[in-house]
Every structure is written in structure tokens, then in C-alpha cells.
Amino acid sequence: MPLRLDIKRKLTARSDRVKSVDLHPTEPWMLASLYNGSVCVWNHETQNKTCVQTLEGHAQNVSCASFHPELPIIITGSEDGTVRIWHSSTYRLESTLNYGMERVWCVASLRGSNNVALGYDEGSIIVKLGREEPAMSMDANGKIIWAKHSEVQQANLKAMGDAEIKDGERLPLAVKDMGSCEIYPQTIQHNPNGIFWSDSGELVCIATEESFFILKYLSEKVLAAQETHEGVTEDGIEDAFEVLGEIQEIVKTGLWVGDCFIYTSSVNRLNYYVGGEIVTIAHLDRTMYLLGYIPKDNRLYLGDKELNIVSYSLLVSVLEYQTAVMRRDFSMADKVLPTVPKEQRTRVAHFLEKQGFKQQALTVSTDPEHRFELALQLGELKIAYQLAVEAESEQKWKQLAELAISKCQFGLAQECLHHAQDYGGLLLLATASGNASMVNKLAEGAERDGKNNVAFMSYFLQGKLDACLELLIRTGRLPEAAFLARTYLPSQVSRVVKLWRENLSKVNQKAAESLADPTEYENLFPGLKEAFVVEEWVKETRADLWPAKQYPLVTPNEERNVMEEAEGFQPTKMSAQQETDEKPASPTPVMASQTAHKEEKSLLELDVDLDNLELEDIDTTDINLDEDILDD
């Protein structure tokens, strides 16, 4: 079915042809660009068929004409190469653009933006008309005034009463019309040249295209230079300002509250700068512009391009406290501090810490983690101890132990290491302080808690070789136990080898049978009987421990020959191995030629057994050091 078209109005004008037409997005207006170089404006809802207004000025035919969807302007383009901008209410020519790109053929506008695209013979360009920032301002009493196109409107924050205000949400303001302007307002209030002065006149922010600078005005040096005429150049007084900081952010809008500079950035963040620290108040979801701050409401107000007003909470007490600290007025800061809510005091404490006032930060902070860190930095052992007790954290106990050792508080360090279950640290502390009782208790506690490496070392340092051996046996480290016994306790070798055989036979019977007991093969272990005597001699000579002060007089073990030292020694009692030797059921260590059994197990046969042993079939998982030893 063909589309039916009804002619609503027929509008005529004196021209050979119509080049383009456009309708206003909200008003009953229509544009027609004509071949004769003019543009006609009609009201298509009236009965009058004549042109309401004719826009003249182009030297050749007008190829395109368009209403801007946001701004109160009409844009026309002509084959004379110019683009003209007209006020849509007064029809006055506002501007003429000529980029030298030959004839203009088309114009396109983007809703919600001030950008306009222009098409020429030689290409296309995009131009930005006016300012993105809305023309709006707010006074200290909360009265807001703005320009919406040519209309001027006003709203009052006081009219909201006690209505609940949430950060970042649009405020339901009652808008009052104040009239219209013949010209299109560009700004109502602004800071010229990107310079923002604080109310005290001591601080100034200079915003550039890439960053902004915070400077301090040194009035005393200026007065001195004016009196002495020193340091005065053609450009002014060199020492008039001190640069406090440079921040790599682009300031869109900004204002001072005390010594705090509040600003919106190009990446849509609402921040404030104070004392070299940047504090982010909010991340904005769109471009917003600062209107002002009302201290009694503790709120910061912003507006967007659509003239929506939002606010964010910003406590004046926090700003006043930070300002007092920056001015080194600590008496004023102490007066303001009680008015700062507890949930904001940790933020204030971080600010104090950054300014170098750690003691004050420790007093102000309410965060236990932050207070503990400050207490460690300040060496406050009592405060750090209380916080560690409350936290029950092993890491905090270790940190406090390090501080206590650095302060020579060894009793506190020992307690902290116990709480932290730091057996390695306790061993270091006990040995460094020569505390034998502590080493003994540490050995028992470490063994009880499965810290076998520390337990072994503690026993070994005390000369408790029997305890070391039993620890290795209980933990299933029989190969290590056998070598320990062979080195220090030869009387225990047979018992350990027997246990080792039994354990290894579960994995590889042939490997277990290849293990040689030194008491059965004295020919393989020469000097075994002498070792029994030396073992007894060592036990008796180690009965009396030497004090640490005699350490320089003691011959190092690597320089001693205990076999020679034990010559002529007669044991006062039989060793465990000797007692075992006298039992009828136990094998007696004799040479291989004395019995047929020894002849069968000769050295040659033992070598054959070892040659036929396949080591890759042996599972060594049960006889290696466990991983927790290495971690101790």
C-alpha cells in the first residue's frame, strides 16, 4: 500500500530553488536555505504563509542551514566558503567563520555537545562553539544562579529545608525564572587566567594545560625587598613566592577553603590538595563543575551541563584541622580535634604522618593497624605491646620482638617471640645471651610443637647427644640417626642399625640386608672398641660445662684428636653397648674367622651384595628430611 502524504502547509519564497530545510527540535520553526543567498524562517503553525525572518549576508547561494539542538543559534553555510552563526531569538549575526576550504555543503550538530561538523569541497572539520562549562555560580548563602540559553534562572538551597541529601544525587531544587538576555551569556562568574587565590591571600594555585602549581606568597620578603630594593627585577620580586608543589593533573574548576584547594580534574575526579597530599572525595560519572562550599552544611556543591545540581559531604572540621596544622597552629588544631568525627580521624592521622608529625598522628589515629605502625616507628614499646595483645597477630609479635631487641629489652623480646611461635628467633636470642636454661626449655617446647630442627639444634648445643639421637629416631630419620651414632655415640650404633634395617625392609629387603652392623663387622670399622672408650671419656669430661669467658682458651674441635686425649682412660662404668655385649643372646663382636657365620658374611660377600643392589628400586621418601625442617 503506497504511503499517503498530506500537505499541511505550503510555504513560498522568492528564489529559484530551495537548497535545504530544517525544523527546530522544540519550537514550531522551520528554516529554508535559498539559492539567492538568503535563509527564510517560518512559523509553520500559523496561518500566515509569509516568511517571519530573512537572514541575509551570504554572497552566494546558501547550501545548508540548521538549528543547533542545544544552543540558541542558527548555523548557515554557503558556496561563498563562509559559515555564519545567527542568534535564533534576535536573528542577529553573531559570528562568521571562514577556513579557506572552498564551498560549504553541509552542517551537522551533536545533541548534548557544543561540537559542530562542517563539510567543504576540500574536506571537513569539527569546531567547538562556546564553552562546555555551564554559566552558573553560587554565593556563600547557597543561592545559585545560572543561564539556560538566554534564560536566567535562580534556585536556593535553603528552600530544601531538612530534606535528606545523598552524595552524588541530583538535588530537587525549586527553580525561579529571572528573565532573559538579548545576548547569549557565556559566563556568570569565573577565575581569570586559571589563577585561584586563597581567602587568606597566602596561597595561590596556578593552573596550566598540563598541571597545576601551589605557591605560597611570602609577604615578609616582599616588604623587605621593597625597602631595600634587593632582588627586584623588571618581572617583579624573585623571592615573592615559594613553590610548595606541582601536581600532574588538569584543573577544570577549583576553589579554596582555608588552606585546602578543592578542584575537579580532567579525569572527572573531585579532589582536594592540602599539605602536599591529594585526597579524593569522589569519582564523578560525568563532567561536573564546582559551584561552592557551604561550611555550616559541611557540603560541597557542583553542577553539570544540564544544570543539575549535586552535592558531596566534606566536613569543615577536617578542613579546619588540616588548615591549622599547615599553619603550625597546634593550639587551634587541638581545639578543633574534638569536633572531628572518630571515623574521620584516621584520615587526619595519615595527613599528620605525611607532614612529619608522627607523635600527633599516633594520638589522633583510631585505626589499630596504623597506630601499631606509628608506635614501632616512634619506639613506643608499651603502646605497641598493648596493640599486639589486642590483635593476637604473629606478624605483629615478630615486629615488636625486633624493636625490643634493638632497645635491649630482651625479656620483652623473649615474650614476643613466644607469642609469635618464632622458635628460630628464640634460639638466636637464647644463644646470643648465653641463657642455657632458655635453650633447654626451647628444646622441649620445639620438640613438643614439631619444630624438630630447632629442637635438635637446641639439644646439640647443650651436648645432649642422647636426646638428639632419640629425636631422630622418633621422627623416622634413621639414616641420620645411624650416622650421628657412628660419630658421637658408637655404643648406640647396633640399636639404630637394627631399626634402620627393619624400616628399610618394608621398602627393599635386599637393601636392608646390605646394611652392615659395625659390631658384626669390626674389620670394616677399625677402632670401634677404642671409640667406645672415647665415648665414655667424652661424657665424663663434658660433665662440667665451661663458662663462656673461657672460650678463647678452648682448643677448637677440628684441632683436637680425642683418640689421643683418651689414651689410658679407664671407664668407671660399662657403656650400653658393652652391657649388651655381655648378654648371652646378643652377638659378640669378633673377627670373621672365629665363627662360621662370620665366614659366610665375609667382606667379599658384602661387596657382592652391594654390587647387586639396585638403588633405583629404593623408596627414600621415608628416610629424607621432611620439608618442615627446612622451613624452621
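These legends walk you through several close-up views of the predicted model shown above. Local features need pLDDT of at least 70, and side-chain atom pairs count only at pLDDT 80 or more, while totals for chains, interfaces and linings use all residues. Residues are numbered from 1 along each chain as its sequence is written, and side-chain values use heavy atoms, with hydrogens and water left out.

View 1. Let's start with the parts list: 22 helices and 28 strands. Helices (H or I, at least four residues) and strands (E, at least two) are DSSP runs, numbered from the N terminus. Of the 632 residues in the chain, 40% are buried, meaning under 20% relative accessible area (1.4 Å probe, protein chains only).

**View 2. Four strands form an open sheet.** The strand order is β22-β23-β24-β25, and the pairing is antiparallel. Strands count as paired if DSSP finds at least two bridges between them. Because β22 (251–257) and β25 (277–283) are at the edges with a single partner strand each, one side of each has no neighbour in the sheet. On average, neighbouring strands here are turned by 20° against each other, direction ignored. Look next at β22 and β23 (residues 260–265), which are joined by 6 bridges. Tryptophan 256 has phenylalanine 261 in β23 as its bridge partner.

**View 3. A helix lies across the sheet.** Helix α2 (residues 316–326) lies across β22, β23 and β24 (269–274), and runs at about 35° to β24. Axes are lines fitted to C-alpha atoms, for helices over the stretch in contact (heavy atoms within 4.5 Å). Angles run from 0 to 180 degrees between N-to-C directions.

**View 4. Strand β13 pairs with β12 and β14.** β13 (residues 143–148) pairs with β12 (residues 136–138) in the antiparallel sense over 3 bridges. Here you can find methionine 138 opposite isoleucine 144. With β14 (residues 151–156), β13 pairs in the antiparallel sense over 6 bridges. Tryptophan 146 has glutamine 153 in β14 as its bridge partner.

**View 5. Helices α13 and α15 meet.** The axes of α13 (residues 465–474) and α15 (residues 493–505) come within 12 Å and cross at roughly 10°. The two helices are therefore roughly parallel to each other (angles under 35 degrees). Leu469, Glu470 and Ile473 in α13 meet Arg495, Val496 and Leu499 in α15. This contact has 4 nonpolar, no polar and 2 charged residues. Ala, Val, Leu, Ile, Met, Phe, Trp, Tyr, Cys and Pro count as nonpolar, Asp, Glu, Lys and Arg as charged, and the others, Gly among them, as polar.

Note on methods
Angles under 35 degrees count as roughly parallel, over 145 as roughly antiparallel, 65 to 115 as roughly perpendicular and the rest as oblique. Buried means under 20% relative accessible area, exposed over 50%, partly exposed in between (1.4 Å probe, protein chains only).
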